Amino acid sequence: STHYLILEAVQSRIIALNLDEVGANVLIRKIPTERGNDDSTYGYPVIMVSPMGTEQLRGGTNVRDDVGYPVMISVLAKNNQDLTETNLNKYLLWRERISAAFRGDQQLQLQPGGIQVHKTNVEPGPVLSPTAVWNNQYQCSLTVRCEARQARGL
């Protein structure tokens with residue numbers, strides 16, 4: 001599907017940012033959760049890429065439609081209910097770098113098939129989840145809307 005190819009392209013771009021301590025721990029998941037495979041937990045920190053939200057139809061041409069696919073990007077890290085600034089600067093920097101990587105009408109080339117995302121737009125989300133802090137975790141998220149021009153009809 002186009003949406004899954006977009007998730008893979010977003011994942012690749014985040015991995016290419018070489019964020020300290022994250023490395024390739026950027027995972028595609030249905031929802032951002034601390035629950036790992038077989039109910040175990042992931043190694044932290046982890047960045048999750050999820051198809052959360054609603055697609056948007058945004059016009060197009062006489063024969064093609066512009067479809068905006070939502071991709072939620074969530075940063076999850078251990079926190080131990082730490083209310084001080086420990087690691088806060090690092091997590092905010094990761095968020096800033098991820099946002100910058102998709103702001104300003106960035107393009108993504110999807111493989112296979114050569115479909116192109118011709119525009120990305122960052123939709124801010126919570127900078128910090130207080131509920132996550134009380135569950136011994138840091139969590140923040142933002143959504144990247146990836147607009148692809150697709151053939152109309154079947």
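Leu93 is partly exposed, at 40% relative accessibility (buried is under 20% relative accessible area, exposed over 50%, partly exposed in between, with a 1.4 Å probe and protein chains only). Leu93 is found in helix H2. This is a predicted model, where local features need pLDDT of at least 70, side-chain atom pairs count only at pLDDT 80 or more, and totals for chains, interfaces and linings use all residues. Residues are numbered from 1 along each chain as its sequence is written, and side-chain values use heavy atoms, with hydrogens and water left out.

**Helix H2**

- H2 covers residues 88-102, 15 residues in total. Helices (H or I, at least four residues) and strands (E, at least two) are DSSP runs, numbered from the N terminus.
- H2 reaches 22 Å from its first C-alpha to its last, close to the 21 Å expected at 1.5 Å a residue. The expected span is 1.5 Å times one less than the number of residues.
- Its buried residues are Lys90, Tyr91, Trp94, Arg95, Ile98, Ser99, Ala101 and Phe102.
- An α-helix has 3.6 residues a turn, so residues three or four places apart point the same way.
- The cover over the buried residues of H2 includes H1, S2 (46-50), S4 (64-78), S5 (108-109), S6 and S7 (137-151). Contact here means heavy atoms within 4.5 Å.
- Gly104 follows H2 and has a positive phi, near 75 degrees.
- Leu93 and Leu19 are 74 residues apart in sequence, yet 9.1 Å apart in space, C-alpha to C-alpha.

**Nonpolar surface patch**

- Leu88, Leu92, Val127 and Leu128 form a nonpolar patch on the surface. Together they have about 290 Å² of accessible area, by the Shrake-Rupley method with a 1.4 Å probe, where for residues only the protein chains shown count as cover.
- Patch residues have over 30% relative accessible area and no salt bridge; like charges are joined within 9 Å, nonpolar side chains (Val, Leu, Ile, Met, Phe, Trp, Tyr) within 5 Å. A salt bridge is a side-chain nitrogen of Lys or Arg within 4 Å of a carboxyl oxygen of Asp or Glu.
- Val127 sits in the loop between strand S6 (116-124) and helix H3 (130-134). Val127 counts as partly exposed because its relative accessibility is 45%.

- Most residues other than glycine have a negative phi.
- Asn18 has a positive phi, near 50 degrees. Asn18 lies in the loop between helix H1 (2-16) and strand S1 (26-28), and is exposed at 60% relative accessible area.
- Glu21 has a positive phi, near 75 degrees. Glu21 also lies in the loop between H1 and S1, and is exposed at 54% relative accessibility.
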